Amino acid sequence: MDGFEENRAALEAVGAKIVAASVDDAEKAGEIAAGKGFAFGYGVTRADADAIGAWWEDRRNIIQPSEFLLNEEYKVMASSYSDGPIGRIDAGDVLKVINFYESKK
């Protein structure tokens, strides 16, 4: 999340919007979202995760990191699923992907 906050201005400059969500309650999610200038949802349920195509872990009853890059028509252009800190989408890479797609228009 910190990487997206650090790159928020550059992402917004190319028209990107950052949205995050968690299974945590409002208080815990608020701690994570503190200092972030983007939308941060909380209380994500299994039904919510299924609706957006996220990876739900039944054993711990949590949503695993599931990241999506959507275009202006809300079509998924890239996605990443991770069961830990390795393999998550990097904000700088998101900028590169957006710039790549924009260069192809």
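Figure 1. Take the contacts in the protein between residues at least 6 apart in sequence: 34% of them join residues at least 24 apart. The model is predicted. Of the protein's 105 residues, 29% count as buried.

**Figure 2. The fold from end to end.** The protein holds 5 helices and 6 strands. Along the sequence, their order is α-α-β-α-β-α-β-β-β-β-α. The radius of gyration is 14 Å, close to the 13 Å that the globule rule gives for 105 residues, so the protein is as compact as a globular protein of that length. Along the principal axes, the C-alpha atoms fill a box of roughly 40 × 25 × 25 Å.

**Figure 3. Surface and charges.** The accessible surface of the protein comes to about 7,100 Å². Carbon and sulfur atoms account for 52% of that surface. The protein carries 12 positive and 19 negative charges.

**Figure 4. Lys28 in helix α3.** Helix α3 spans residues 26–33, and Lys28 has its place there. Is Lys28 buried, partly exposed or exposed? Lys28 is partly exposed, because its relative accessible area is 41%, between the 20% limit for buried and the 50% limit for exposed. Tyr42 is 14 residues from Lys28 along the chain. The C-alpha atoms of Lys28 and Tyr42 are separated by 8.6 Å.

**Figure 5. Asn61 in the loop between β3 and β4.** Strand β3 covers residues 56–57 and strand β4 covers 62–63. Asn61 lies in the loop between them. What is the phi of Asn61? It is near 55 degrees, a positive value in a residue other than glycine. Most residues other than glycine have a negative phi. Asn61 counts as exposed because its relative accessible area is 51%, and exposed means over 50%.

**Figure 6. Tyr74 in the loop between β5 and β6.** Where does Tyr74 lie? Tyr74 lies in the loop between β5, residues 66–70, and β6, residues 76–81. Tyr74 is not a glycine, yet its phi is positive, at about 65 degrees. With a relative accessible area of 66%, Tyr74 is exposed.

Terms used: Residues are numbered from 1 along each chain as its sequence is written. This is a predicted model: local features need pLDDT of at least 70, side-chain atom pairs count only at pLDDT 80 or more; totals for chains, interfaces and linings use all residues. Side-chain values use heavy atoms; hydrogens and water are left out. Helices (H or I, at least four residues) and strands (E, at least two) are DSSP runs, numbered from the N terminus. The radius of gyration is taken over C-alpha atoms; the globule rule is 2.2 Å times the number of residues to the power 0.38. Buried means under 20% relative accessible area, exposed over 50%, partly exposed in between (1.4 Å probe, protein chains only). Contact means heavy atoms within 4.5 Å. Accessible areas come from the Shrake-Rupley method with a 1.4 Å probe; for residues, only the protein chains shown count as cover. Lys and Arg count as positive and Asp and Glu as negative; His and the chain ends are not counted. The place of a charge is taken as NZ of Lys, CZ of Arg, CG of Asp or CD of Glu.
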